[in-house]
Amino acid sequence: MQKSRFHHFFLQQNEFDRFGFDEWVFYPGMLFNDSQKWWAGRDVVRRSPHEGIDFCFYRDSTGLICNLDEKTKIPVLFEGKVVRIHNDFLGKSVYVQHNVHGKQEQSLFTIYGHMTPLSGLAQGDFLQEGDILATVANTRECTKILPHAHITVAWISESFPHEKLNWEAISNPHLATLCNPLEFIDCKFTVEKKKSKRRVFIR
Ligand SMILES: [Zn+2]
């Protein structure tokens with residue numbers, strides 16, 4: 001299957017190209033299946049391996065590491081239907097079901113965590129690839145966690161009721177097969193071992 005043009009739409013919609021976006025930067029804990037909490041102290045471990053990927057930092061053309069904020073718009077990876085929106089501990093999670101079918105009567109879902117959905121976005125809405133579905137939730141007021149976009153890609157049983165979709169269900173291997181989102185997104189990125197001190201916190 002063709003990779004999503006998520007990154008292309010992301011740059012276009014957020015006009016990062018004007019500010020110079022070089023590449024995404026990931027630290028330990030941000031990637032799929034990572035075990036650390038990247039926002040906590042060193043070696044603080046997650047309850048379960050990371051179910052997706054966290055987009056938070058990027059390097060601009062001057063080499064500075066910048067972070068996303070609550071103005072950052074998040075496009076949908078593929079065309080599909082919004083099937084569920086629920087609260088998560090930092091914002092809302094939006095589940096989109098795609099017309100892509102896998103083995104054992106599963107379909108492809110993409111899930112966007114820690115979001116502020118666009119006003120009016122509702123279950124049942126159809127989206128085209130690249131349509132904006134949300135902005136990143138503002139997490140700075142109540143937590144020390146920087147605003148970021150969590151994205152999960154999963155094959156989920158078509159018979160599983162949408163109203164029961166939640167992070168616990170997604171982590172159940174009998175119901176869902178989690179995938180590495182970077183295998184579905186065409187983008188330039190780097191993985192760094194330690195957080196750089198040379199960072200700016202707004203764009
Ligand atoms: Zn995450």
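Colleague: How do the residues of the lining of the second largest pocket divide into nonpolar, polar and charged?

Modeller: Sorting by class means that Ala, Val, Leu, Ile, Met, Phe, Trp, Tyr, Cys and Pro count as nonpolar, Asp, Glu, Lys and Arg as charged, and the others, Gly among them, as polar. In this structure, the lining of the second largest pocket has five nonpolar, two polar and six charged residues. The model is a predicted one, in which local features need pLDDT of at least 70 and side-chain atom pairs count only at pLDDT 80 or more, while totals for chains, interfaces and linings use all residues. Residues are numbered from 1 along each chain as its sequence is written, and side-chain values use heavy atoms, with hydrogens and water left out.

Colleague: How much space lies in the second largest pocket, and which residues are closest to its centre?

Modeller: A pocket is an open set of points on a 1 Å grid over the protein atoms alone, with protein on both sides within 12 Å along at least five of seven lines, and its lining residues have an atom within 4 Å of a point. The volume is the space filled by probe spheres set on the points, which are joined across faces, edges and corners. Here the second largest pocket holds about 290 Å³, and of the 13 residues lining it, Pro28, Trp38, Arg42, Asp43 and Lys193 are the closest to the centre.

Colleague: Where does the largest pocket lie?

Modeller: Both domain 1 (6-70 + 185-191) and domain 2 (73-183) give residues to its lining, so the largest pocket lies between them; the domain bounds come from an automatic or database domain assignment. Its space comes to about 480 Å³, and the closest to its centre among the 18 lining residues are Arg46, Arg47, Ser48, Glu51 and Phe89. By class, the lining of the largest pocket has five nonpolar, six polar and seven charged residues.

Colleague: How many residues of strand E1 are buried, and which strands does E1 pair with?

Modeller: Strands (E, at least two residues) and helices (H or I, at least four) are DSSP runs, numbered from the N terminus. A residue is buried when its relative accessible area is under 20%, taken with a 1.4 Å probe on protein chains only, and two strands pair if DSSP finds at least two bridges between them. In E1 (residues 21-26), five of the six residues are buried, so this strand is largely enclosed by the rest of the structure. E1 pairs with strand E3 (residues 57-60) in the antiparallel sense over four bridges, where Glu23 has Arg59 as its partner, and three bridges join E1 to strand E13 (residues 189-191) in a parallel run, with Trp24 partnered by Phe189.

Colleague: What do E6 and E7 form?

Modeller: E6 and E7 form a hairpin with four residues between them, and seven bridges join these antiparallel strands. Lys81 has Gln97 as its bridge partner in E7, and Phe126 as its bridge partner in E9.

Colleague: Which residues coordinate the zinc ion?

Modeller: Donors are N, O and S atoms within 2.8 Å of the metal (3.2 Å for Na, K and Ca), and sites may look incomplete because water is not among the atoms. In this model, His50 (NE2), Asp54 (OD) and His150 (ND1) coordinate the zinc ion at 2.0 to 2.1 Å. Asp54 lies in strand E2 (residues 53-55) and His150 in strand E11 (residues 149-157), so the pair ties together parts that are 96 residues apart in sequence. Both Asp54 and His150 are buried.

Definitions and conventions
Buried < 20%, exposed > 50% of the residue type's maximum accessible area, 1.4 Å probe, protein only. 1 Å grid on protein atoms, 1.4 Å probe; cavity = no way out; pocket = protein on both sides within 12 Å on 5 of 7 lines; lining within 4 Å.
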